[in-house]
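This report describes a protein chain from its overall make-up down to single side chains. Please consult the sequence and the structure shown below while reading.

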Amino acid sequence: MNLSTFPIFDFRFPIYRSATVLLKKGQRRLSSTNRPLKRSEKIISRREITTSGSGSSAIGNQKFFTIFLVAGLLCAHVFAEDSVNQRDFGFQPLEIFEFDHGTSRLIVADINGDGLDDILFANNHVSRLEILVRKADANETDGLPELDERFENKGMIVDQSLKALRVADLDNDGRLDIITFGTAIGLQLRYQQEDGAFGEPGRIFIKDPSSVTTIQIGDLNGDGKKDILVCRRDQADLHWNTETRPFQDKKTLTFSADKSFYGDIADINIDGIPDLAFHFNTTRNPLKVRYGKGNGLYGTEQPIELPPRQYMDILQPEGSEPQIGMVLRNRLAFRIYGFAEKEQPPLLESQEVSPARIGLEGTDKKAAPAWVAADFNADGYDDLLVAAPELSRLHLYSGTASGLDPEPRRIDTLSEASRISRLVNGDILVVSKKEKIAALHSTEALDRFPSILKTPGNVLAGCAIESGDDCWFICKNDDKELQLARLETESEAVSIYPLDLQNDPADLIAFQLPEGKIGLILFMAYDTPKMFLFASEKLEPLTSESFRALAQPLTLSNIRLGTPGDGSVLTVSQGAIARRFEWRGDRYEATRQFNPENPRGELIASCGYEMLDGSSGTLLYDRNSGDLVRFDAEGDGWGKIHIPDADQTIFAAVQLKNKDRDTVVLLGRTGLNEILSNGTRLAPVSEAEYVSPSENPMLAYAKAVKLGAPPRPMVALVDPANRAIELVSMADGELKKELLFEVYLTSDFVNRKKNRGTEPHDVESGDLNGDGIGDLVVLSQDKLLIYLGE
């Protein structure tokens with residue numbers, strides 16, 4: 001395992017109020033007098049050491065010698081229990097440099113290319129970006145070195161509080177450039193010049209910077225240039241580093257439902273193409289990966305199921321397999337996960353399924369978007385056409401052997417399309433309640449703007465009969481009278497039938513019935529639906545006595561036709577049960593009841609299924625329990641498939657024809673939940689675990705570091721309760737402790753319980769003096785601590 005690099009984090013840890021205990025009972029902290037170090041003793045400043053006057057100077061030097069030796073001993077030696085395990089590294093006496101409180105975003109990198117790693121961090125309380133360039137000719141000193149004896153400070157004033165800091169060679173000139181981000185100004189780039197200075201900051205426009213959670217840098221489209229990933233709570237923007245318009249052109253990836261708080265770049269499936277990993281504050285599936293397809297294309301959100309955790313991130317240095325490092329929720333242990341391909345069972349044999357997700361663009365949580373499924377390109381895979389009303393577009397998600405393509409084909413259409421349906425010839429009818437019109441997209445030229453239809457008045461609702469060429473509309477004429485209009489698309493003939501209703505219908509569905517009849521169900525907001533039969537050019541009402549489902553309020557998603565365009569068989573979902581109705585002469589009769597045995601059930605969507613193994617039946621989605629319930633077509637067989645992280649906005653279900661894999665999609669208001677059976681999927685596998693030996697540990701986070709000679713990968717675990725860092729590494733398939741030591745903190749730290757946060761608050765490693773030995777760099781309180789390796 002190689003854990004040499006680790007992304008820079010925007011830490012958001014809670015305040016800790018635990019007792020500050022480090023050693024197990026019987027252990028002693030080493031001092032120059034070989035006695036336990038009292039908590040009242042403090043490390044004094046250089047100002048105290050150099051106080052004028054023989055008496056005070058002697059006292060100051062005595063204090064300095066005692067505490068400096070203590071710091072060296074604490075860093076260079078392990079505790080008694082470590083003497084059994086021989087180590088191949090240690091630390092020289094500690095270097096301590098004081099800054100103002102509020103330091104963060106630590107980076108260790110060779111910023112000037114001289115072979116010595118340098119240090120960068122944000123110093124927000126004084127509005128500075130600190131750039132500490134390590135001096136090659138640094139001489140040994142008798143006491144604690146001053147900052148200018150070890151570094152040349154090329155820091156600068158910044159005009160905003162920095163929330164993110166990155167370094168990368170953006171223009172491929174061999175020099176590292178600086179990328180900063182804050183909510184006041186946004187994203188700024190500082191290119192390094194030939195003389196090592198940094199140019200004036202160039203601003204890259206980012207809309208709504210307050211919603212940004214993470215900035216990452218990487219080659220996202222394989223063109224050899226570093227791009228910028230801007231992660232937000234509900235989407236991620238990929239800013240392309242183009243020759244003519246660097247970082248101005250972008251691509252947006254929308255999240256399906258949950259709010260993300262962090263994004264990362266890694267090659268999870270080891271195919272040489274970077275993948276995008278997004279972290280979510282969810283108990284189940286906190287990590288979702290969008291696998292790269294090359295050329296800047298990324299797949300659906302694939303959930304990675306992991307246990308509850310305190311902290312988690314991806315560890316993947318260059319050339320190594322990806323792993324997940326996790327501090328467990330109990331904060332006593334650290335665990336590492338690898339990835340393995342696992343076979344997906346047939347859908348109906350699954351007890352629990354976590355769907356892949358596609359975030360929808362141009363929709364919101366207030367209204368369900370219109371949709372229709374069909375094989376638009378006749379390739380044997382069903383596609384899904386979804387309205388994006390806020391963008392005045394239709395988005396066509398193409399079906400493939402591996403599921404829906406998350407990159408839709410964008411089709412301009414009417415403003416705020418509220419309903420789309422398909423005619424028998426493949427044309428698409430679109431209804432816009434905002435514009436109060438209807439239009440027709442030709443199947444031969446879907447990308448062309450639709451032809452506006454001539455309707456008698458303002459269109460309130462409308463649909464097509466998928467098995468025919470008729471369109472039906474509810475219109476309101478100039479006299480505010482409701483009318484039902486029938487449009488024959490071939491002849492463009494329009495027939496009008498008056499409607500005597502007190503309120504305007506919200507939607508309708510039209511379908512064919514035996515003997516040439518047409519059924520029409522009008523859905524009323526906050527009321528029971530109305531149904532009419534159309535036969536022999538006459539419109540007749542159908543009451544609840546002839547169709548019992550009409551006695552309760554229904555929406556369009558509650559009714560499913562057995563066959564597209566044919567209403568001979570209807571499945572109606574109502575509350576905790578669903579029923580199948582069949583048309584018998586002049587009425588509907590209930591022929592089967594679907595009861596998932598959940599008295600609090602809320603069956604809000606259904607679809608028929610025909611699996612590749614020949615099984616068939618009905619699927620119902622229960623929003624209350626988050627279960628997909630199946631009922632066999634023949635017999636009484638049924639079962640439940642639990643969806644642990646179900647989208648609460650799901651309103652419809654559909655099986656998509658796929659000749660390779662069984663595919664079911666649950667449509668939510670802001671995303672598509674795609675369930676694929678058969679095939680394989682990458683899943684996390686626990687590889688090693690480490691339990692802290694400290695008394696009452698409270699591990700907060702972990703950082704990958706490289707220490708020793710030559711530097712080898714380790715993980716630094718930070719324990720704020722004990723003010724300690726534990727270094728662990730992989731050996732023989734196990735995580736083993738390398739070193740555990742207490743970190744420098746001021747003497748009043750234990751008394752500032754309410755105000756203290758996670759300390760130390762950042763850890764990195766590098767080679768500051770070019771000796772080939774790994775060094776540890778720590779930000780703790782208002783101090784920069786440097787542990788030079790030896």
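Of the 790 residues in the protein chain, 55% are buried, where buried means under 20% relative accessible area, exposed over 50%, and partly exposed in between (1.4 Å probe, protein chains only). The model is predicted: local features need pLDDT of at least 70, side-chain atom pairs count only at pLDDT 80 or more, and totals for chains, interfaces and linings use all residues. Residues are numbered from 1 along each chain as its sequence is written, and side-chain values use heavy atoms, with hydrogens and water left out.

The protein chain holds three helices and 59 strands; helices (H or I, at least four residues) and strands (E, at least two) are DSSP runs numbered from the N terminus. Among contacts (heavy atoms within 4.5 Å) between residues at least 6 apart in sequence, 50% join residues at least 24 apart.

Gln192 lies in the loop between β9 (186–190) and β10 (202–204). The residue is buried, with a relative accessible area of 4%. Its side chain makes polar contacts (pairs of N or O atoms within 3.5 Å; within protein, one must be able to donate a hydrogen and the other to accept it, and residues adjacent in sequence count only if both atoms are side-chain atoms). One reaches the backbone oxygen of Ile111 at 3.0 Å, and another the backbone oxygen of Leu176 at 2.6 Å. Beyond four places in sequence, the residues in contact with Gln192 include Asn112, Asp173 and Phe198.

Two charged side chains lie over aromatic rings, counted if NZ of Lys or CZ of Arg is within 6 Å of the ring centre and within 35 degrees of the ring normal.

| Charged residue | Ring | Distance from ring centre |
|---|---|---|
| Arg134 | Phe151 | 4.9 Å |
| Lys288 | Phe280 | 4.4 Å |
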